[in-house]
Amino acid sequence: MANGTATLSEATSTDAPRPFWSSLRWMVLVYGVPTVLFLVTRFLTAPDYVGRDNDDVMRLVQVRDLLTGQSWFDLTQVRLGLEGGTLMHWSRLIDLPIATLISIFRPFVGTEQAETLALGFWPISLAVPLLAAMGLAGRRAGGVDAMHFCLGLTVIFIITTNRFLGGSIDHHNVQLVLVAAMAAMLVDRTYRAASYAIAGLAAALAIAIGAETTPFVAMVCAVVACQWVWAGRKALRATVAFGLSLVAGLSLFFFATVPPRLYLAATCDNLSIAFYSLALTGGGLLALAAATLSDRSAVARMIALGACGLVVIAVALVVAPQCLGNPLSGLDPLLRELWLDNVTEARSFVAVAKTEPTSLGAYYFAGAFAALVCAWRIWRRDRVDLNLILFALVFSSLMIALIQVRGMAFSNLLAIVPLALLLSDLRARSKGGTAGTGASLLYVGTLLISVPVVWAIAGELFDKGIGGVMAGEPQASNGEACLTAASLTDLEGLAPSLIVGPSDIGAAVLRHTQHRVLSAPYHRNAAGMLTELKIGLARTEDAAVMLRQLGRPILAFCAADVQARMIAARAPQGLYAELAADHVPAFLSPLPISAGSPIRLYALKP
C-alpha cells in the first residue's frame, strides 16, 4: 500500500486491519451519502423535473419516442425540422437506462411521476461512481491522504456543477464518470491488465455515447502506447488488454446501436464507421505490436508504434478525411453568425475573455495550475511516469476547453488528482499547523485556489461588488422569458401544426405539445434553423412566400429572444423587426394569447 497503487478490491480488503478512514469503500459512502442527500434536496425544490438545458429536454423527447414504439435503430426526430424530420446523433446507450427506469416506475405511479423519479434517480446516482473513480485515482496516485483530497474536491465539483442535478439527463455526466474511470485506471503504475481493460472499455463507451470526448480518448490511447514504448515487457499485458478491450467494446457498441443501412456511412459527430475503423485499426495494431515486440529495444518499439500511427492516419484519410477537421466548419456562415457564435458552450477562450472575463478563473485556472504542478514535478524528477500521464490528461483537456468552453468541466475534474497530490504534500509539510504560519498559509491558500467555485465567487464579487452579490441581482434569462407556462399553454390549445419560432423554444414545444417545430438548436437541424433565420430576416413579402411554402404553419414570435433581437437588428426592414415594433404584416392574423405571455402567435391568412 505504501506505493499508493491499490486496486479497489485491495483498498477495501479486510485481510489486514487498517483504520476506517483508509478504506475507499467506506469513504465513498461517507462522502457520497451527504452528496446524494444534497442533490436530492435540490431536486425536490426544483421548479421542474427536467434540467434547464435544451439537451435535457430533447433527450426526454427522444426517450418518449423510444417508449412509444420508435425503433431502437431509428434516431429520427420526426417532429423537428423540414418535412421528413431530423436524424439525431445521440446514442441510444443513454436513452436505455432512462427508458428502463421509466418503464419500471410507470405501473406503480403513472407516466408523469415515473418520468420524475427516473429523471431524478439517473443523474444523481452517477455521483457515486464518479466519487469512487476519483477516490481510486487519488489512492493509487498518492495514498490515503490524496484519496481524501480527491473525494473532497470531487464532492465540491459535483455540488457546484449542474451535470449531476436531478433532471440533467444529457450524456455529459456519464462522460465525466468515464473520463474519471480512464484516469483512475491509467495511474495504476503496476500495469495491471484488469485496469487497462477497464480503461479500454471506458474509452469505447465514451466514443459510443458522444464524439466530443474523442480527442481525450485519442490522448488516452497515446498515453498507453507511449508508456509501452517506455516500459516494454513490463507493460505488455496491460497494453494488450487495453487494445483488445477497446476493439471489443467499440465493436459491441457499434453493432448494437448503428443500423445496418448506416454501417458504411462516415459521420463525425457520433459513432460511425469513421471512429470505429480508427479504433479497430489502432487498438488492434497496438495489441499486436505489444504481443510480439515487447522484448525488443525501445527504438524498435518506437519504430513499430510509428508504423501503427501511419496506418491509422492512412485509414482516416481513406475512410473519413472530413473528420480530421472541425465537423461544424461546414455550417452556413449565416448560421454560424446568428447561432453557433452565440452558443455559450461553444465559445473559445478568446471569446470568453472578451465577453465574460470574470469567469476565466473558474473555467481555466484549476486545469492550468494542475498542468504546471505536473510539469514542475517532472522537472524535479518526482514520479516522472505518473506525472507525465497526469500532465497529458489534464493538458489535453485544457486545450480542448480553450477551443470550446464546454471542455472546462473535464479539465477541472482531472485537475483534482494532481492538485490532491500537491495538497497532501503541503498538508504534511504544515504538520497540522505546527510547522509555522507560512507553511499553513501556503497550504490553505493552495486549497482555496484549487477550487473553481472560489474563482467563480471571486469573479462575481469583482463584477457586481459585495452589495450586488448579497442582493442577489436577478439575471435576465432568455430561455425563461420565452418559455413561460402561459405561452406554452397557448400552443397546447392549438391543433397540431408546424411551429416556426426561435430555436431555443423548439425542444420545449416538442416536450409539452404535439406540434412539429421548424427549428431547435442542433447542428443536424441546420436546414430548419437556416430557414427560420431567413424568414426572420426577409422583408415581409418575401417572408410570406417562405412561410406559405411550409404549408400553414403557426409563427411564434418572442421579442425577448436573444436571437430574435439579433435578427431584428441585422435586418431593420425584416419580418422580425416589424413584429418587434408591433407592426403586424397584412398576411398574418394574430391568435389569442394569455395575458403577459411574451410569445405572440400568428396564423397565415388564407
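Trainee: Which residues of helix 11 are buried?
Mentor: In this predicted model, the buried residues of helix 11 are I273, A274, F275, Y276, S277, A279, T281, G283, L286, A287, A289 and A290.

Trainee: What do they pack against?
Mentor: The buried residues of helix 11 pack against helix 8 (193-209), helix 9 (214-231), helix 10 (236-257) and helix 12 (298-319).

Trainee: What span should helix 11 have, and how far apart are its end C-alpha atoms?
Mentor: Helix 11 covers residues 273-293, so its 21 residues should span 30 Å at 1.5 Å a residue. Its end C-alpha atoms are 29 Å apart, which agrees.

Trainee: Now the cysteines. How many disulfides does a search of the whole structure find?
Mentor: The search finds one. The disulfide joins C268 to C323, with an S to S distance of 1.9 Å.

Trainee: Which parts does the pair tie together?
Mentor: C268 lies in the loop between helix 10 and helix 11, and C323 in the loop between helix 12 and helix 13 (333-338), so the pair ties together parts that are 55 residues apart in sequence.

Trainee: Is the disulfide left-handed or right-handed?
Mentor: The torsion about the S-S bond of C268 and C323 is about -85°, so the disulfide is left-handed.

Trainee: Is C268 buried or exposed?
Mentor: C268 has a relative accessible area of 16%. Buried means under 20%, so C268 is buried.

Trainee: What about C221 and C308?
Mentor: C221 is in no disulfide; the nearest cysteine sulfur is that of C226, 11 Å away. C308 is in no disulfide either, and the nearest cysteine sulfur, that of C226, is 12 Å away. C308 counts as buried, at 14% relative accessibility.

Technical notes: Residues numbered from 1 in each chain as written. Predicted model: local features only at pLDDT ≥ 70, side-chain atom pairs only at ≥ 80, totals over all residues. Heavy atoms only, no water. Helix = DSSP H or I, 4+ residues; strand = E, 2+ residues; numbered from the N terminus. Expected span 1.5 Å × (residues − 1). Buried < 20%, exposed > 50% of the residue type's maximum accessible area, 1.4 Å probe, protein only. Contact = heavy atoms within 4.5 Å. Disulfide = S-S within 2.5 Å.
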